Amino acid sequence: MQEIGAETAALRVLVVEDDAGIARSLVRGLDRAGYAARSVGSGHAALSADPLPDVVLLDLGLPDLDGVEVCRLLRRRCDAAIIVVTARGEEGDRVSALDEGADDYLVKPFGLAELLARIRAVLRRTRPSGAELLRHGTLTVDPRTRKVSVGGSDIALTPKEFDILECLAADPGRVVTRREILERAWDEHWYGPTKVLDVHMAALRRKLGVPGLVETVYGRGFRLGEPG
Ligand code: CA
């Protein structure tokens with residue numbers, strides 16, 4: 001058990017549940033199990049969660065948005081493992097949610113032990129361990145947890161900033177073109193202004209705080225350099 005606690009210590013769980021009592025007890029149980037849990041009471045709040053969670057526990061009966069729709073939009077926005085929660089008699093919704101990208105489901109009422117087991121199971125499937133840490137000098141990028149540190153200090157990046165950095169850190173020293181970054185961090189059909197990349201790049205550099213770490217290669221793209 002100790003080993004599981006250690007492995008999941010940094011993982012963020014977002015509980016999307018409009019029943020405040022249920023939400024509170026779930027957050028407490030998840031915190032005790034070593035997750036960083038918090039709750040929101042609406043679909044809109046779930047969709048604007050920042051930082052992005054690693055696991056979403058999604059009640060399908062929400063006051064503002066259709067739960068299946070929330071599931072679909074969440075799946076589009078992030079790669080969190082999604083476990084949907086339904087009341088008895090909502091089998092149709094459960095099936096739709098699974099079709100829209102949910103990884104598993106639980107039927108109310110459920111016990112904390114079962115929830116924790118389901119979370120561990122989806123994480124084993126969606127985040128196989130052994131993903132390589134990307135290192136470059138004092139920079140460490142963990143593609144599994146999407147955590148970044150410089151000289152041992154954690155750096156909080158937005159999802160886009162992380163995606164950009166991951167492109168560069170995957171092969172330090174290689175020049176990565178603007179087009180490549182846009183395709184990987186936005187999507188393959190991005191034809192908008194590439195100015196938006198410069199804005200995120202500037203924020204990324206500022207947060208990393210190491211002059212020369214991200215180099216601009218004029219007319220070609222960017223690469224990780226040897227600072228100092
Ligand atoms: Ca509900």
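Predicted model: local features only at pLDDT ≥ 70, side-chain atom pairs only at ≥ 80, totals over all residues.
Biologist: Which residues coordinate the calcium ion, and at what distances?

Modeller: Along the chain, the donors of the calcium ion follow the spacing D-x40-D-x1-G. The coordinating residues are D18 (OD), D59 (OD) and G61 (O), at 2.2 to 2.4 Å.

Biologist: How many residues apart are D18 and G61, and in which loops do they lie?

Modeller: D18 belongs to the loop between β1 (12-16) and α2 (20-32), whereas G61 belongs to the loop between β3 (55-59) and α4 (67-77). The pair therefore links distant parts of the chain, and D18 is partly exposed at a relative accessible area of 40%, with G61 also counted as partly exposed at 38%. D18 and G61 are 43 residues apart.

Biologist: Which element gives the most residues to the largest nonpolar core?

Modeller: The largest nonpolar core has 26 residues, and L139, V148, I164, L165, I181 and L208 are those with the most contacts inside it. At least two residues of this core come from each of β7 (139-142), β8 (147-150), α7 (159-169), α8 (178-185), α9 (195-208) and β12 (221-224). The element that gives the most, with six residues, is α7.

Biologist: How many residues are in the other core, the one that lies apart?

Modeller: This other core includes A49, L58, V70 and A80 among its members. Its count is 21 residues.

Biologist: Which residues does L208 touch, leaving out residues up to four places away in sequence?

Modeller: L208 is one of the buried residues of α9, and it is also among the residues with the most contacts inside the largest nonpolar core. With residues up to four places away in sequence left out, L208 touches L139, V148, V150, L165, L213 and V214.

Biologist: Within what arc do the buried residues of α9 fall?

Modeller: The buried residues of α9 are L197, M201, A203, L204 and L208, and they pack against β7, β8, α7, α8, β11 (214-217) and β12. On the other side of α9, K195, V199 and R206 are exposed. Seen down the axis of α9, the buried residues line one face of the helix, because they fall within an arc of 165°.

Biologist: How far apart are the end C-alpha atoms of α9?

Modeller: α9 has 14 residues, so at 1.5 Å a residue it should span 20 Å. The model agrees with that expectation, since the end C-alpha atoms are apart by 20 Å.

Technical notes: Residues numbered from 1 in each chain as written. Heavy atoms only, no water. Donors = N, O, S within 2.8 Å, 3.2 Å for Na, K, Ca; no water. Helix = DSSP H or I, 4+ residues; strand = E, 2+ residues; numbered from the N terminus. Buried < 20%, exposed > 50% of the residue type's maximum accessible area, 1.4 Å probe, protein only. Core = buried A, V, L, I, M, F, W, Y, C linked by side-chain atoms within 4.5 Å. Contact = heavy atoms within 4.5 Å. Expected span 1.5 Å × (residues − 1). Arc of directions from axis to C-beta.
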